[in-house]
Amino acid sequence: MKIKILTFGPLNIHLASQQLSIPEPCTLNELNQMLQHTFPSLQRYPYIFAINKQVVDNWELLLKDGDEIAILPPFSGG
C-alpha cells in the first residue's frame, strides 16, 4: 500500500515529504512507530497527524492506499 507523507516546519529537515510503501493493514500508531524507527530524530519533536486534510487523534485508525498523511509541528493561530 502506498501513502504520501507531507512534512512542515522543522520536520522537513528530518523527513522530507515523500511517498512510502507500508504494509497493509496499517494503523496510524504502526505508521508512527515505523517513522520513529526509520527517522529517530523525529522523537525530539512534538507533532500531530492529519489524514487527507483532517487532523486525527485516533491512533488505531486504519490507513488506506493513497492516503495523504501530514505530519504537523505545533502551531498557533491568531
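**Aromatic pairs**

I counted two aromatic pairs, taking rings of Phe, Tyr and Trp (its six-membered ring) as paired if their centres lie within 6.5 Å, with planes under 30 degrees apart called stacked, over 60 edge-to-face and the rest tilted. Y47 and F49 form an edge-to-face pair, 5.5 Å centre to centre with 90 degrees between the planes. This is a predicted model, in which local features need pLDDT of at least 70 and side-chain atom pairs count only at pLDDT 80 or more, while totals for chains, interfaces and linings use all residues. Residues are numbered from 1 along each chain as its sequence is written, and side-chain values use heavy atoms, with hydrogens and water left out.

I then looked up burial (buried is under 20% relative accessible area, exposed over 50%, partly exposed in between; 1.4 Å probe, protein chains only). Y47 is buried at 15%, and F49 is buried at 1%. The rings of F49 and W59 are edge-to-face, because their planes stand at 85 degrees, with the centres 5.7 Å apart. W59 is partly exposed, with a relative accessible area of 35%. I note that ring pairs link Y47, F49 and W59 into a cluster.

**The sheet**

Which order do the five strands of the open sheet have? I read 2-1-5-3-4, with mixed pairing, where strands (E, at least two residues) are DSSP runs numbered from the N terminus and two strands pair if DSSP finds at least two bridges between them. Strand 3 and strand 5 pair in the antiparallel sense over four bridges, and F49 stands opposite I71 in strand 5.
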